[in-house]
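Please look over the sequence and the model below before reading on.

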Amino acid sequence: MSKKSKSGKSETHLASESDLKKRIDTVLRLGNIAGADETEVQVDETIDALTRFANNAIHQNVAEHGITISIRTVVDGRTARATTNRLDEDSLFAAVKSSLQLAHSQPKIPGLLPMPGKQRYRSVNRFTSETAATTPEDRARAVKKSCDLAIRSGQVAAGIFSTGQSQLALANSQGLFAAHRQTHAEFSITMQDEPAASWAKANSGNVRNFDPQKLAARASEKAQMAKDAQELAPGKYTVILEPAAVLDLVGFLFYDFAATAVADQRSCLLKRMNKPLFGKNISITDDAYHLQQLGASFDGEGIGCMPVSRRELTGFGDGH
């Protein structure tokens, strides 16, 4: 539960890195005691808050603070994972033993790679105090202004305003340790203007990087313009999409870019390597260090990410 100070700011904080290391060291020690050849630990902590509104009024405000610890063990060429949200030592030891028990029941994995050792990471800063300190009252004031606009325009507003902070720490028995923390905020609004409706959305690590009122005004404007929309005959049309709409479309491809998805033959990119998929004016890059990017600069095993060069993505278009 979040506590409030006299200033109205949230007093709920993420655990310190030293606290995370203590929990991780405990799990690694327990893995050694239990007889694991290798042990990997991932700690995930989230503090999320959401204000939801519909019919021009707030109808829900929820907040959640949770920590989970995921433990992967390796024994005799076999590996398995167990997860718990109980942080006492007895519960952590039970999770370690569950992971080992599951590993023993698995077949050996040919060519199973050893866990990586200590790594060096390029630093990223994706945590802003303004977002972390956002209160329910802050979100409610922004939502009220958006709903007031809808009422003045004879429209009906619905949507969400969420803010939060999160962190993860990853370590293993080979000496690797990686940690990342970030904040995130999202405002999404739908404006209904019978018989038309329109939508606007923005998200960022910094809540000050978007203006909910401007998003509400844009959704309201588009809903008004769509009231007299006419049905078009089937055919090819040039369509200009806003960034949020493009993100939703491209988002369906995110998991298809994974090597495991290709190996499992469930990726839409299967057998399309080095073949153009889009126009020459489109390039898709995965840059973990982009200023507008969120997420850690290392992968799920602790290997640091590197920016992908355009030359490596010629199969997706070579434009700007």
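Over the ring of which residue does the charged end of Lys-21 sit? The charged end of Lys-21 sits over the ring of Phe-177, at 4.9 Å from the centre of that ring. The model is a predicted one. The points below begin with the chain as a whole and then turn to particular elements and residues.

**The chain as a whole**

- The chain contains seven helices and six strands.
- In sequence order, these elements follow the pattern α-β-β-β-α-α-α-β-β-β-α-α-α.
- Along the principal axes, the C-alpha atoms fill a box of roughly 70 × 60 × 35 Å.
- The chain has 320 residues, of which 37% are buried.
- Of the contacts with a separation of 6 or more, 66% are between residues 24 or more positions apart.
- The accessible surface of the chain is about 19,600 Å², and carbon and sulfur atoms account for 53% of that surface.

**Helix 1**

- Helix 1 covers residues 17-34, which makes 18 residues.
- At 1.5 Å a residue, helix 1 should span 26 Å, and this agrees with the 26 Å that separates its end C-alpha atoms. The expected span is 1.5 Å times one less than the number of residues.
- The buried residues of helix 1 are Leu-20, Ile-24, Thr-26, Val-27, Leu-28, Leu-30 and Gly-31.
- In an α-helix there are 3.6 residues a turn, so residues three or four places apart point the same way.
- The cover over the buried residues of helix 1 includes strand 1, strand 2 (57-75), helix 2 (89-104), strand 4 (156-172) and strand 5.
- Just after helix 1 comes Gly-35, which has a positive phi of about 100 degrees.

**Aromatic rings**

- There are four aromatic pairs in the structure.
- One of them joins Phe-53 and Phe-187, which are stacked with 6.2 Å centre to centre and 25 degrees between the planes. The pair counts as stacked because planes under 30 degrees apart are classed in that way.
- This pair links distant parts of the chain, since Phe-53 lies in strand 1 (residues 38-54) and Phe-187 in strand 5 (residues 177-193), 134 residues apart.
- Both Phe-53 and Phe-187 are buried.
- One aromatic cluster is formed by Phe-53, Phe-161, Phe-187 and Phe-210.
- Lys-97 lies over the face of Phe-93, at 4.7 Å from the ring centre.

**Lys-201 in strand 6**

- Lys-201 belongs to strand 6 (residues 196-204).
- Why is Lys-201 classed as buried? The relative accessible area of Lys-201 is 19%, and a residue is buried when this value is under 20%.
- Apart from neighbours within four places in sequence, Lys-201 is in contact with Glu-186, Phe-187, Ser-188, Leu-215, Ala-244 and Asp-248.
- With Asp-248, Lys-201 makes a polar contact between side chains, at 3.3 Å.
- Gly-31 is 170 residues from Lys-201 along the chain, and the C-alpha atoms of these two residues are separated by 45 Å.

**Ser-162 in strand 4**

- Ser-162 is found in strand 4.
- Ser-162 counts as buried, with a relative accessibility of 16%.
- Neighbours within four places in sequence aside, Ser-162 is in contact with Ala-49, Leu-50, Arg-139, His-184, Ala-185 and Glu-186.

**Backbone details**

- Most residues other than glycine have a negative phi, and most peptide bonds are trans.
- Which residues are joined by a cis peptide bond? Glu-194 and Pro-195 are joined by such a bond, with omega at about 0 degrees.
- Pro-195 is placed in the loop between strand 5 and strand 6.
- Asn-56 has a positive phi, near 65 degrees, although Asn-56 is a residue other than glycine.
- The loop between strand 1 and strand 2 is the place of Asn-56.
- For Asn-274, also a residue other than glycine, phi is positive and near 65 degrees.
- Asn-274 is located in the segment after helix 7 (259-263).
- Is Asn-274 buried or exposed? Asn-274 is exposed, with a relative accessible area of 65%, and the cut-off for exposed is over 50%.

Technical notes
Residues numbered from 1 in each chain as written. Predicted model: local features only at pLDDT ≥ 70, side-chain atom pairs only at ≥ 80, totals over all residues. Heavy atoms only, no water. Helix = DSSP H or I, 4+ residues; strand = E, 2+ residues; numbered from the N terminus. Buried < 20%, exposed > 50% of the residue type's maximum accessible area, 1.4 Å probe, protein only. Contact = heavy atoms within 4.5 Å. Polar contact = N/O pair within 3.5 Å; in protein donor to acceptor, adjacent residues only side chain to side chain. Phe/Tyr/Trp six-rings, centres within 6.5 Å; stacked < 30°, edge-to-face > 60°. Lys NZ or Arg CZ within 6 Å of the ring centre and 35° of its normal. Areas by Shrake-Rupley, 256 points an atom, 1.4 Å probe, with all protein chains shown as cover.
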